[in-house]
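Student: I am new to this structure and should like to understand the reasons behind the terms used for it. May I put some questions to you?

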Amino acid sequence: MTAPYTAQTWKRINACGTSVEAVLARAEVSLTMGGEPTFIPRDPSGAEWNVAALGPTKLGYARRFARKLIALSHPGAVILETLGKHYPGEPLPRWALLVQWRADGQPLWRQPTRLKGDLKPGSHTPRQVAAVMNHLATALGLDPARACPLCEISGTAAGLVLPLDHDGSKWISDDWSPVFANQPIPLLAGESLAGLRLPLDQLGKNHLRRALTVELRKRSLTVFIPPLSLDAYLELIPVIEAVFTALNLKGCTLGGYAPPADPALLTIGFASDPGVVEVNLAACATWSDYAVQLLQIYAAAEKSGLQARKFHFNGRQSGTGGGAHLVFGGPESERSPFFTAPALLPSVIRYFQHHPALSYAFTGAYMGPSSQAPRIDESTFEALYELEIACAGAEQLGSPRNLPLYDLMFRDLLMDRSGNTHRAEISVDKLWNPFAGNGRLGLVEFRAFETHPQFSALALTGLFVRAILARLCAEPFREPFIRWAGVLHDRFFLPTFVWEDLESVCADLRAHGIPFDREWLRPLWEWRFPLLGRLSIPNPDGGPARTVVFRQALEAWPLLGETPNAGTVARTVDASMDRIEAGLDDPKLADQGLLLVNGLPCEFRAGGTRAACGIRFRSFHLNPALHPHVPVHAPLLLEWVDRTSFSVMAAARWHIWNPRNQQYTERPKDEAAAGERHAERWEPWPHSVGQTRYIPKIDFPPEGRHTLDLRRYPAQARA
């Protein structure tokens, strides 16, 4: 389970984790961490596993996932089905499943099969609905006669409702019958649980406005739990299970409201998100706890038929999408280290801005200014200048702080170009946000991270960021912002320079007493920048051949203008652009030869002990797209030319699809099949070896010194 790391390496990684906790302890900082890994089926078909949040199978997968997690890691936990995010244009909030267990170890729910674990229609009856309500009221010391029948607007029977609350010492109820003339209570129109459609506005001021309902949904018995205090909730759940046991009921559902967040009730959430099932981890006090929780989640996912890897038709592999954001905070909202350590958040902002590799090395395919996690210098032109003022001011506030003022200092700067405060690389949307019900949590979310197929690699990423925060707690970072301008994408979209930047971060951690080995990041770097192929260059001195190594590089998809869409407007991106890197392990090789791509020369730039250049090109036709007059450049013809004879010494072609342009009927079944498809896209091209080449002179603009952008040069320039 520690792959791609050996057991010995994982032991060293754990030791590094201990060192990180020691640094935090010396700084007297309590730092919690969590995350949001995402998962998809092995055969992700349909809109729900590509772009849609909801679909016909996703809830079933989530239920199985939750059941497996309980069986493997959290016996005694309960599953509550509640409401998730609600976005404009969506008629209902998305569903969310909460796996909850008591921190003191006492079981909250003993028999998982009493709760529904799939999407199959149930076999429960209205008589069982009545029996459950009767037994529940009696068990809670209430009069079962207080339960009222419910009906839809059409008059169809819809279950029973029992006004219910807890006064701190006992359960209390109310008599709603007179309000509705002793007739069935009509529910508001809709598809939500009955407990969310009660006509509470018709009740007088003196009536109880909380109620438990029991109903049938697709013939499955569903109990709706009203908003309750934590103590009342922990008392009610075992009572419901006892009733189900007494009536021998299985496959039921618990829905409704979770109690207020409390360390006494630990929770892992399963949320419906576009294309994926998103898992919201429970907050962890240490990295070791975080790594163990990830291991448990990945194991349960595998047993549920889910994975953290997506296979593309052309053999490319990627994370699942949807993000795997890292979240850091404190044991309580007000004790968040971002509040108690005045220099921490400004240091984080400056440090991440200094190291673009932290923005690009671990994120997904959709990145850059139009993505869901743009860097601060990709958002608005004035962001850096204004953040310099905000960071300096935050460091002078002292402690205790005016938390609403502190939130406002960063809220209008850490955002995307449209002003969305959630879509930012460093998001403070849950720091002390007065506009969101769950916004005042003292949390900072790092959003430029994607789920990795292997739990250990994702855990290592979490350790890397936690180590950076520990280093910044120990010694604030106050270096002024770097005005990267065009260099930001031109240089740091290339794997060689990302690795160089990661090396500098690891060196800085070691200088601050954190023994983080840069080679631990190598598997993540190779996953992010997969090998495409190599050109073997004969050595004129008769020694071993030299190589030019080609890897996948990064590309930011430009945001296009608004277009009409069914009475509204839509914004699309140009995803037809791609970028690869050519790298030299021996920079001196560039003195003896040069690389032509579709007849145009590249310019290698130094990067540590290596040299590299980027090649940017249009990979396929797309409409609409930026620069529609620019043709497709693929397949790329890659030729190494001797500088003395101008003859081609080695050549290959790189294809976006397969060389035969054959369609695939299905995605690769596994990693091996994906690898075969990916490998055949690299085509040795001996046909041009030995031919003489004319070397055209081209310009490299200030924004593109490291990258040959084939869009800039018309076809006649390559003749």
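Student: Are F339 and Y406 buried or exposed?

Tutor: Both F339 and Y406 are buried in this predicted model. The term requires a relative accessible area under 20%.

Student: What makes the pair of F339 and Y406 edge-to-face?

Tutor: The ring centres lie 6.0 Å apart, which is within the 6.5 Å needed for a pair. The planes stand at 80 degrees, and an angle over 60 counts as edge-to-face, so the pair receives that name. F339 belongs to helix 6 (residues 337-340) and Y406 to helix 10 (residues 403-411), so this pair links distant parts of the chain, 67 residues apart.

Student: Why is the pair of W10 and W287 called tilted?

Tutor: Their centres are 5.9 Å apart, and the angle between the planes is 55 degrees. W10 lies in helix 1 (residues 7-26) and W287 in helix 5, so the pair ties together parts 277 residues apart in sequence.

Student: How do you know that W10 counts as buried?

Tutor: Its relative accessibility is 11%, and the limit is under 20%, so W10 counts as buried. W287 has a relative accessible area of 2%, so W287 is buried by that limit too.

Student: Which residues are in the cluster that includes W10 and W287?

Tutor: Ring pairs link Y5, W10, F39, F65, F270, W287, Y298 and F455 into a cluster. The structure holds 28 aromatic pairs.

Student: How do you know that the length of helix 5 agrees with its number of residues?

Tutor: Helix 5 (residues 287-303) has 17 residues, which should span 24 Å at 1.5 Å a residue; the end C-alpha atoms are 25 Å apart, so the two values agree. Among its buried residues are W287, Y290, L294 and Y298. Just after helix 5, G305 takes a positive phi of about 80 degrees.

Student: What span should helix 2 have?

Tutor: The 16 residues of helix 2 (residues 58-73) should span 22 Å, and the end C-alpha atoms are 22 Å apart, so the values agree. Its buried residues include L59, Y61, F65 and L69.

Student: What makes strand 22 largely enclosed by the rest of the structure?

Tutor: Six of the seven residues of strand 22 (residues 546-552) are buried, so the strand is largely enclosed.

Student: How do you know that strand 22 pairs with strand 21 and strand 25?

Tutor: A pair needs at least two bridges. Strand 21 (residues 531-537) is joined to strand 22 by six bridges, and the two run antiparallel; I537 has R546 as its bridge partner. Strand 25 (residues 577-584) and strand 22 are also antiparallel, with five bridges, and F550 has A582 as its bridge partner.

Student: What makes R653 count as lying over the face of W685?

Tutor: R653 is at 4.0 Å from the ring centre of W685, and the limit is within 6 Å, together with an angle within 35 degrees of the ring normal. R522 lies over the face of W525 in like manner, at 5.6 Å from the ring centre.

Conventions: Residues numbered from 1 in each chain as written. Predicted model: local features only at pLDDT ≥ 70, side-chain atom pairs only at ≥ 80, totals over all residues. Heavy atoms only, no water. Buried < 20%, exposed > 50% of the residue type's maximum accessible area, 1.4 Å probe, protein only. Helix = DSSP H or I, 4+ residues; strand = E, 2+ residues; numbered from the N terminus. Expected span 1.5 Å × (residues − 1). Phe/Tyr/Trp six-rings, centres within 6.5 Å; stacked < 30°, edge-to-face > 60°.
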